[in-house]
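This report describes how parts of one protein chain pack together. Please look at the sequence and the structure first.

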Amino acid sequence: MFSLTSTFDDEFEYKGTVIRLNLAFDNVLRVFELLEDDTFYDWEKVDIALEILVDNYEDIKDLPINEKFEMYAYIFKEFLDIDFSKAENGIVKKVFDFKKDAGLIYASFLSAYGMDLFEQQGKLHWQKFIQLLTNLGKDTVFKEVVNIRQMKVPPPDKYNREYREYVLKMKRLYRLEDETEIIDAKQAVKEIDRKWDMVASMFKPKGR
């Protein structure tokens with residue numbers, strides 16, 4: 001949970017080894033891109049994801065793959081606040097895409113905060129990034145596009161033909177290829193089975 005009274009202690013202990021994480025926003029986004037890459041098997045994605053996120057990956061590279069799966073799920077749940085629980089009916093509407101909307105996000109951060117995200121690579125923590133993204137002003141181009149995607153098309157009547165055509169045109173223009181995939185500010189990776197809740201007891205947070 002995001003708090004103004006604590007710092008990001010991105011470490012935990014696993015079987016006597018302190019695991020140090022690098023949760024810069026660009027690292028996390030690279031993992032999201034990796035998860036959508038069909039050229040890798042799932043176990044390869046997990047291993048590469050850990051290599052991206054764990055500073056001392058050398059200390060865990062020889063772990064069995066089932067333990068790496070568990071560590072991967074634990075990191076996402078405990079440190080990224082990703083909600084892996086099932087949505088109602090298994091589906092929520094996809095309202096933005098980090099990859100497709102990258103330009104909109106970049107421009108909106110620059111206009112709203114004067115922040116160049118390229119200059120923040122390796123610096124801006126994921127939790128800070130998500131808070132800034134979620135709370136962008138409604139006048140930013142990113143929020144305008146998200147609002148268009150969420151906008152309901154009014155039923156036709158004799159007064160709203162032009163407005164209705166405009167709404168349909170804008171929704172087609174900004175439509176995402178897959179609008180049923182689970183992804184929003186708190187659900188940015190594919191759904192994972194609830195069984196991962198059981199693995200938290202295997203890990204000991206360090207200094208938290």
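Contact means that heavy atoms lie within 4.5 Å. The model is predicted, so local features need pLDDT of at least 70 and side-chain atom pairs count only at pLDDT 80 or more, while totals for chains, interfaces and linings use all residues. Residues are numbered from 1 along each chain as its sequence is written, and side-chain values use heavy atoms, with hydrogens and water left out.

**Confidence**

The predictor's confidence in each residue is called pLDDT and runs from 0 to 100. The protein averages 82, and 78% of the residues score at least 70. Helices (H or I, at least four residues) and strands (E, at least two) are DSSP runs, numbered from the N terminus. Mean confidence is highest in helix 4, at 96, and lowest in strand 3 (residues 204-205), at 52.

| Stretch with pLDDT under 50 | Contacts beyond four places in sequence |
|---|---|
| residues 84-92 | 23 contacts |
| residues 180-203 | 66 contacts |

S108 belongs to helix 4, which covers residues 102-113. Buried means under 20% relative accessible area, exposed over 50%, and partly exposed in between (1.4 Å probe, protein chains only). S108 counts as buried because its relative accessibility is 0%. Not counting residues up to four places away in sequence, S108 touches Y113, L136, T140, V141 and F142.

How do helix 4 and helix 5 cross? Axes are lines fitted to C-alpha atoms, for helices over the stretch in contact, and angles run from 0 to 180 degrees between N-to-C directions. The axes of helix 4 and helix 5 (residues 126-134) come within 11 Å and cross at roughly 80°. The two helices are therefore roughly perpendicular to each other, a label for angles of 65 to 115 degrees. Where they meet, I105, F109 and Y113 of helix 4 face F129, L132 and L133 of helix 5 in contact. The residues of this contact are six nonpolar, no polar and no charged.

**The core**

A nonpolar core is a set of buried Ala, Val, Leu, Ile, Met, Phe, Trp, Tyr and Cys residues joined through side-chain atoms within 4.5 Å. The largest one has 42 residues, and F12, F32, L50, F98, W126, F129 and L133 touch the most other members. Helix 1 gives the most to this core, with seven residues.

**Helix 6**

In helix 6, the buried residues are F142, K143, V145, V146, I148 and R149. The buried residues of helix 6 pack against helix 4, helix 5 and helix 7 (161-173).

Terms used: Angles under 35 degrees count as roughly parallel, over 145 as roughly antiparallel, 65 to 115 as roughly perpendicular and the rest as oblique. Ala, Val, Leu, Ile, Met, Phe, Trp, Tyr, Cys and Pro count as nonpolar, Asp, Glu, Lys and Arg as charged, and the others, Gly among them, as polar.
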